[in-house]
Amino acid sequence: MDPIIQLKGLTKCYGALKAVDDLSLDIAKGEVFGLLGPNGAGKTTTILMMLGLSEPTAGSAWVSGINATSRPIEVKRKVGYMPDSVGFYDSMTAFENLLYLGRLNGLPEPEVRSRAAEMMEVVGLSAHMHQKTATYSRGMKQRLGVADVLIKKPEVIILDEPTLGIDPSGVKEFLHLIKELSVGQGLTVLLSSHHLHHVQQVCDRVGIFVKGKLLAEGSINALSGNLFNKDGYTTAITLGNAPAQPLPFEEELLAWGVINKMEVAGDTIHFSSSSDISARLVKVFVEKGFEVIGVQRKEYGLEDIYQKYFENNSTEATANEKSDGFIKKSFFKKRKPR
Amino acid sequence: MKSQMVLSKSLFSKSGNPGKAVQHKAKSAFWVMVSKEMADHIHSWRFIVLFVLIVLTFFASMYVSLGNLKQAVGNTSDPDHIFLYLKLLTATENSMPPFHVFVSFLGPLLGISLGFDAVNSEKNNGTLIRLMAQPVYRDNLLLSKFVSTLILVSVLFISLVLLMTGGGLLITGVRMEPQELLRIMAFVGISILYVGFWLSLSILLSIGLRQAATSALTAIGIWLFFTVFYQILINLVVRAVLPDPDFLSAEQIAAYNELILTLLRVSPSQLYTDATTTLLMPSVRSLGPVTMEQMAGAIPAPLPFKESLMIVWPQVSGLVASTVVCFALGYYIFMRREIRS
């Protein structure tokens, strides 16, 4: 693996507050990486440090082998960054806005016009090219932001909360565009979001980032494997009428060697197994003459992963709070919003 | 899918034609920014209003001085009467102040209104972070804001003054002395510098203060303080602190006067007025009080340009220094600042 973004022990403190705490992360070329975390987790701060817009308190950020803190200009030449609330010059048209950025990136005059027009086409805004950006909707601005990022022919694009405030169909199109870009042009994409579903749709790998700490990283499958290896796959089979307890053919099922746990609750039987056995189970039940009226195979999505990590984290946090803030708590009853 | 097609096309053009890029050298990012800023200013209502205001006052004061020109040039007891073009800039009756006095009022307004939202409005619109994510140096942004406005102001002043000399030539048919040209150009230069000071002050405020309205008000506050209240304040302090002049010797009074003048010169408008008066009225030989011994033997004749310039040199350096200080301070704050949207 050849990491294009390398963060080594990155730390950023604002006074006593540690916004980013000893973050180490490698992102490979051509990857779509999702930085997931709740608001205020330090995602934006991390991104700013990658661009050299903010100085890390400790550690270093490297983008394609260049130190972002000491040589930010070179990094910015390779990285396209779209901030979470991207703004444009309202008095200029979208095309002029784009031209300006192209020129700032040193594109020569004859090329910059054709390139800007091309980018407008890529993001599907050619029809509104000569409209003032003041008239643009949020979704259009976001697309224009992508055009902005692409005009400099970046190696890496960093999108900070790109799906914020766009309607669902807009999000879908937008994510599609990002996926296309990463596949079609071999771009490395770093995406920050607190929207799990969005990230799940496009990211090859995600990092879960809470309170400045990277709690876990890996592909979504690997993450769910890590987290739920105790349970693995869960299948629930609902029968027409409650079976006898224990199941008469329990031994037979256990002989497969993959079932870890079996639990009968009324007319529903829960299986936990190390591999996906739902089809096999249904077959057995039907053969034994049971009426199978429902099969539920539980897959762990990002939501569960997220929930699990955040739950763990918030219980930890409250535990800490209890020990050091006991007196405070007894005076001011503070309820943690969760 | 349409965009897919386009994507593959853009992949193509990415690798294609590397030689073309070499032929057309791209403008440096700094000049791109300067030209964008200038275009912004020219298209803004703010600039148009100020432009009209300054052009109007210019023509009004020209009109008045043209009416008084004959009398001013014919007045042989005035050693400056031979400088027709300088008279054109300074001669007035009491109804209207001359142009340079107008500039000492309007210049700050020009500088402040063109700079008060330079950085904070970009920040509030979210365009600052967009710019800073591009491969441009941070200082280029500040410098481009400053330079672009100053270029516009210079063009404005220089064209006005050239218009004046051209009009003067047409109307009177009198040849222009080289010295007059130098003096007028120096006047223009100092006026630009004066606007530059207020510009850098307002840019500094726009960096330091988050809201554009706050920085505009603060800048106007500073301007009003120096033009109106500062003199009053100095007068009050002088009356309260300094001893009664009746009990002082002539030298002591002169020394105190010198001190008061020095204090007054903290105000940039005072510096500007001193400098322009000396340059536009060649017979002014000193800005402070002059003793009888110094006056003895002096012929009331105009000074050469170089001597006038020497007299105002401290004023000019004062203006330059305060401009640089404001700019450097803004620079320092801006460079260390973390930019977030």
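Because the model is predicted, local features need pLDDT of at least 70 and side-chain atom pairs count only at pLDDT 80 or more, whereas totals for chains, interfaces and linings use all residues.

**View 1. The two chains and their secondary structure.**
Chain A comprises 12 helices and 14 strands, while chain B has 15 helices and zero strands; helices (H or I, at least four residues) and strands (E, at least two) are DSSP runs, numbered from the N terminus. Of the 338 residues of chain A, 40% are buried, and in chain B buried residues make up 35% of 341, where a residue is buried if 20 or more other C-beta atoms lie within 10 Å of its own, exposed if 12 or fewer, and partly exposed in between, with C-beta atoms placed from the backbone. Among contacts with a separation of 6 or more, residues 24 or more positions apart account for 67% in chain A and for 83% in chain B, two residues being in contact if their C-beta atoms, placed from the backbone, lie within 7 Å.

**View 2. Helices H3 and H4 of chain A.**
Helix H3 (residues 94-104) of chain A packs on helix H4 (residues 109-122) of chain A at an angle of about 125°, with the axes 9 Å apart. That angle makes H3(A) oblique to H4(A), given that angles under 35 degrees count as roughly parallel, over 145 as roughly antiparallel, 65 to 115 as roughly perpendicular and the rest as oblique. Axes here are lines fitted to C-alpha atoms, for helices over the stretch in contact, and angles run from 0 to 180 degrees between N-to-C directions. The H3(A) residues A:Phe95, A:Leu98, A:Leu99, A:Gly102 and A:Arg103 meet A:Val112, A:Arg113, A:Arg115, A:Ala116, A:Met119 and A:Met120 in H4(A). By class, this contact of H3(A) with H4(A) divides into seven nonpolar, one polar and three charged residues; Ala, Val, Leu, Ile, Met, Phe, Trp, Tyr, Cys and Pro count as nonpolar, Asp, Glu, Lys and Arg as charged, and the others, Gly among them, as polar.

**View 3. The nonpolar cores.**
A nonpolar core is a set of buried Ala, Val, Leu, Ile, Met, Phe, Trp, Tyr and Cys residues joined through C-beta atoms within 7 Å. In the largest one, of 143 residues, A:Leu51, A:Leu98 and A:Ala147 touch the most other members, and helix H10 (residues 178-208) of chain B gives the most to this core, with 16 residues. Leaving aside neighbours within four places in sequence, A:Ala147 is in contact with A:Leu98, A:Met119, A:Met120, A:Val122, A:Val123 and A:Leu125.

**View 4. Helices H6 and H10 of chain B.**
Helix H6 (residues 99-115) of chain B and H10(B) cross at roughly 35°, their axes coming within 7 Å. Residues including B:Val103, B:Gly107 and B:Gly111 of H6(B) and B:Tyr194, B:Trp198 and B:Ser202 of H10(B) make the contact. The contact of H6(B) with H10(B) has 12 nonpolar, eight polar and no charged residues.

**View 5. B:Glu338 in the segment after helix H15.**
B:Glu338 is found in the segment after helix H15 (305-336) of chain B, and is exposed because 12 other C-beta atoms lie within 10 Å. Its C-alpha atom is separated by 9.9 Å from that of B:Ile129, 209 residues apart along the chain. Neighbours within four places in sequence aside, B:Glu338 is in contact with A:Leu48, A:Leu53 and A:Ser54.

**View 6. Loop residues of chain A.**
A:Lys153, in the loop between helix H5 (138-150) and S7 of chain A, has a positive phi of about 55° although it is not a glycine, and is partly exposed, with 16 other C-beta atoms within 10 Å. Phi is also positive, near 50°, in A:Lys211, which is found in the loop between strand S9 (205-210) and strand S10 (213-218) of chain A. Most residues other than glycine have a negative phi. A:Gly165 lies in the loop between strand S7 (156-160) and helix H6 (168-185) of chain A, and the C-alpha atoms of A:Gly165 and A:Arg138, 27 residues apart in sequence, are 7.1 Å apart in space.

Conventions
Residues are numbered from 1 along each chain as its sequence is written. Chains are lettered from A and ligands numbered from 1 in the order in which they are written.
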